[in-house]
Structures are given as structure tokens and as C-alpha cells.
Amino acid sequence: LTRGERLAMLSAVDRLKGRARVLVELALFSNFPFVRLAAVSHLSNDVEGLTDIAKFCHYEDTRASAVDELSNNAQALIEVACSSMFGTSRMDAVNILVEPDSLSEVAARSPHRDSRSAAMESITAPRDPRQGRPPRAGPA
């Protein structure tokens, strides 16, 4: 791609602000990483769309960006930790959760061993007094 083509694509994505379903489709299916990531950044207030991307997108960079955008929404992170198709997204979501109740919900609800184990590990891990949270869990 030339620089002009890239700028034209990003400009087109910018014009789609407010059209959440179109942005979600771009984030899920575009072959261009910069288009996917731009679409995710325009969805910062669409919890449902970001959750869908974190659960179903086949591109790891895009899923990680969606999980980061959800970092202030415990219920969405629980949903991703319990039902994402991808272990990396489940683990990213668990690693952001800090509340024992949220982690307990993942440990009780998730059908995936990796996120259940990571949630249990986070609940039982000694907390770092400087940060108030347990060390991050790794993939199982």
C-alpha cells in the first residue's frame, strides 16, 4: 500500500464514526491491521461491539486492543474471560480483573480451564502491597 492509500482508508474509517456495526465488521474482517485498530478505537463507548471483537476476531492485535478498551468494564471482561474463542483474550481479560468477586465469577462460570485456573490463581495469590493486586497470571 502507498501512504496515500493508507490515509484514504483511515479517512474512510473516520467517516464511519457512529456506525457501530460497520466498525465492528471492519475490526473483525479487514485484512489491514491499521484499519482494524482504527475501527476498535472508534468503538470505545460500544461495550457490546468491543466484547464481540474480543471474543470472535481472528486477529490477536485487534482482540488485545478491544480487551484494553474494555479494561474499565468488569462485566464485559468477565464475559470475554468466560467465552472468548481465544485463550490469549481470555487470559488478557483475567489479568485485568482485580476484584475477587469478578475473578470468582470467572472461576465458577468459565467452561475454559485456562481462564478458570488463572482466575483461581489470582484470587489465591499473595497481593503486592504496593499495587494492591496479585501478580499477573500466565497462559496455562
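I take helices (H or I, at least four residues) and strands (E, at least two) as DSSP runs, numbered from the N terminus. On that basis S102 lies in helix α8.

Before going on, I noted the ground rules. This is a predicted model, so local features need pLDDT of at least 70 and side-chain atom pairs count only at pLDDT 80 or more, while totals for chains, interfaces and linings use all residues. Residues are numbered from 1 along each chain as its sequence is written, and side-chain values use heavy atoms, with hydrogens and water left out.

**Entry: S102.** Is S102 buried or exposed? I found S102 buried, because its relative accessibility is 9% and buried means under 20% relative accessible area (exposed is over 50%, partly exposed in between; 1.4 Å probe, protein chains only). I then asked what S102 touches, with contact meaning heavy atoms within 4.5 Å. Leaving aside neighbours within four places in sequence, S102 contacts A74, I78 and L97.

**Entry: the chain.** I counted nine helices and zero strands. Along the sequence the pattern reads α-α-α-α-α-α-α-α-α. The chain has 140 residues, and 41% of them count as buried. Of the contacts between residues at least 6 apart in sequence, 54% join residues at least 24 apart. The accessible surface (Shrake-Rupley method, 1.4 Å probe; for residues, only the protein chains shown count as cover) comes to about 7,700 Å², and 52% of that belongs to carbon and sulfur atoms.

**Entry: α6 against α7.** Two packed helices are described by the angle between their axes and the distance between the axes. Axes are lines fitted to C-alpha atoms, for helices over the stretch in contact, and angles run from 0 to 180 degrees between N-to-C directions. Helix α6 (residues 74-83) and helix α7 (residues 87-96) pack at about 145°, with axes 7 Å apart. Which residues meet here? From α6 I listed L77, V80 and A81; from α7, S89, R90, A93, V94 and I96. I sorted the residues of this contact into six nonpolar, one polar and one charged.

**Entry: cover of α7.** I found S89, R90, M91, A93, V94 and N95 of α7 buried. Their cover includes α4 (47-56), α5 (60-69), α6, α8 (100-109) and α9 (113-124).

**Entry: cysteines.** C57 counts as buried because its relative accessibility is 1%. C82 is also buried, with a relative accessible area of 3%. I found zero disulfides, a disulfide being a pair of cysteine sulfur atoms within 2.5 Å.

How values were computed
Nonpolar A, V, L, I, M, F, W, Y, C, P; charged D, E, K, R; others polar.
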